[in-house]
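The sequence and the structure are shown first, and the description follows.

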Amino acid sequence: MTVVAADAAVSQVDAAAAAASTRPRCSTEDMLQLLQDYDCWVFDLDGTIWRGNEVIEGVLEALELLRKLGKKVLFMTNNSMKSRGSYLDKCLQDDIYCSSYSAAAYLDSIGFDRSKKAYVVGERGIMQELAAVGIESFGGPDDNEKRASFSSEMLHDTQVGAVVCGVDPNLSYYKVQYASMCLLLNPGCLFIATNTDARGHFTPNLEWAGAGATVGAIKGVVERDPIVTGKPSPFLMQDIAAKHNVQPAKSIMVGDRLDTDILWGLNTGMATLLVMTGVTDEQLLVAQRGSSNGVKPHFVMDSFGDLRRVAQQALQQQK
């Protein structure tokens, strides 16, 4: 049934995949089996649904066919620059999980002290999600023009209880220094990363430095690891399962990154489908297949748009 061998120890889904044959891409039979086996489909966005502002050919039609087949369709992106509300016009639905939301949801889940504040190194989406759960924040784009000077004393807010980092196109020495002071000088201050992606397709034809650049700069100063709330952390799957009544064993994660999308699926007991429209190229996929500890997806497609023909066939058979 499956096209790529998987580690049987991860889950029952993996055991089934490991027992099957290996081929480079999904066949028509494989796609029909996917449609039969999985009730919930969770999608990455950048590199899977679109690249920059351009929707990948055939993907929207395939998504609509999934819905017509009665499948639950959810979206999970590590892009923290926007809040969930910012994606609604683009996705035309409400079932969106982004890493800016994951950071706020995590702080809310641990009972973050609302008398404390969060300092944000990232974009407005993080601040909007924090506000939605009643957490006061500052920094973010409001600090884009601020500069650190060795010739003057630099003060920080002692009421900062968390530093939340995401991708920041305006990352500066000031932001790194301010965040580091909060983490080093405020007792118990939490170091939260929406994600640690190295790169992202924020425009159609070019990869840009991701949140890993932001997190790495601060980590290099404070010499401690952050709490990562987005993919591949399993935190959000608990939230998804509770809100949507879905079972990981009947769910499949579709994404373009091995180290986040596919690893997140494996970490949470879902089946995994890698699409080759984003950051993973053939050389990296082959290297992972050949590695004893590589991240191996259960299924591979050139593009998720390839499913539309088979989904249309399945829908006709259902009528």
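In this predicted model, the cover over the buried residues of helix α9 includes strands β4 and β5 together with helices α5 (99–109) and α10. The residues of α9 that are buried are F235, L236, M237, D239, I240 and H244. Just beyond the end of α9, N245 adopts a positive phi of about 55°.

One of the elements covering α9 is helix α5. The axes of α5 and α9 lie 10 Å apart, and the two helices pack at an angle of about 85°. An angle of 65 to 115 degrees counts as roughly perpendicular, and α5 is therefore roughly perpendicular to α9. On the α5 side, the contact is made by Y101, S102, A105, Y106 and S109, while α9 contributes F235, L236, D239 and K243. By class, the residues of this contact divide into five nonpolar, two polar and two charged. Two of the α9 residues in the contact, F235 and L236, are also among those that are buried.

Which strands form the open sheet, and in what order? Six strands take part, in the order β5-β4-β1-β13-β14-β15, and their pairing is parallel. The edges are held by β5 (96–98) and β15 (299–301); each has a single partner strand, so one side of each is left without a neighbour in the sheet. From one strand to the next, the twist averages 20°. Helix α9, which spans residues 235–244, packs on this sheet and touches β4 and β5, and its direction makes about 165° with that of β5. Helix α10, residues 258–267, also packs on the sheet, where it touches β1, β4, β13 and β14 (271–275); its direction makes about 160° with that of β14.

Helix α10 is mostly covered, with seven of its 10 residues buried. These buried residues are L258, T260, D261, I262, W264, G265 and L266. After α10 comes G269, which has a positive phi near 85°.

Strand β1, at residues 40–43, is covered on both of its faces. In a regular strand the side chains alternate between the two faces of the sheet. In β1, C40 and V42 lie on one side and W41 and F43 on the other, and all four are buried. Strand β1 runs parallel to β4 (residues 72–77), to which four bridges join it, and F43 has F75 as its bridge partner in β4. Four bridges also join β1 to the parallel strand β13 (residues 251–255), where M253 stands opposite V42.

A further helix pair is formed by α7 (residues 173–185) and α8 (residues 211–222). Two packed helices are described by the angle between their axes and the distance between the axes. For α7 and α8, the axes come within 9 Å and cross at roughly 45°, and the two helices are therefore oblique to each other. Their crossing is right-handed. The contact is made by V176, A179, S180, L183 and L184 of α7 and by A217, I218, V221 and V222 of α8. Its residues divide into eight nonpolar, one polar and no charged.

| Helix pair | Angle between axes | Distance between axes |
|---|---|---|
| α5 and α9 | about 85° | 10 Å |
| α7 and α8 | roughly 45° | within 9 Å |

Is A131 buried or exposed? This residue sits in helix α6 (residues 124–132). A relative accessible area over 50% counts as exposed; A131 has 52% and is therefore exposed. The C-alpha atoms of A131 and A104 are separated by 8.5 Å, although these residues are 27 residues apart along the chain.

For the protein as a whole, the secondary structure comes to 12 helices and 15 strands. Of its 319 residues, 55% are buried. Among contacts with a separation of 6 or more, 68% involve residues 24 or more positions apart.

Conventions
Residues are numbered from 1 along each chain as its sequence is written. This is a predicted model: local features need pLDDT of at least 70, side-chain atom pairs count only at pLDDT 80 or more; totals for chains, interfaces and linings use all residues. Side-chain values use heavy atoms; hydrogens and water are left out. Buried means under 20% relative accessible area, exposed over 50%, partly exposed in between (1.4 Å probe, protein chains only). Two strands pair if DSSP finds at least two bridges between them. Axes are lines fitted to C-alpha atoms, for helices over the stretch in contact, and angles run from 0 to 180 degrees between N-to-C directions. Angles under 35 degrees count as roughly parallel, over 145 as roughly antiparallel, 65 to 115 as roughly perpendicular and the rest as oblique. A crossing is left-handed if the near helix is turned anticlockwise from the far one by less than a right angle, and right-handed if clockwise. Contact means heavy atoms within 4.5 Å. Ala, Val, Leu, Ile, Met, Phe, Trp, Tyr, Cys and Pro count as nonpolar, Asp, Glu, Lys and Arg as charged, and the others, Gly among them, as polar.
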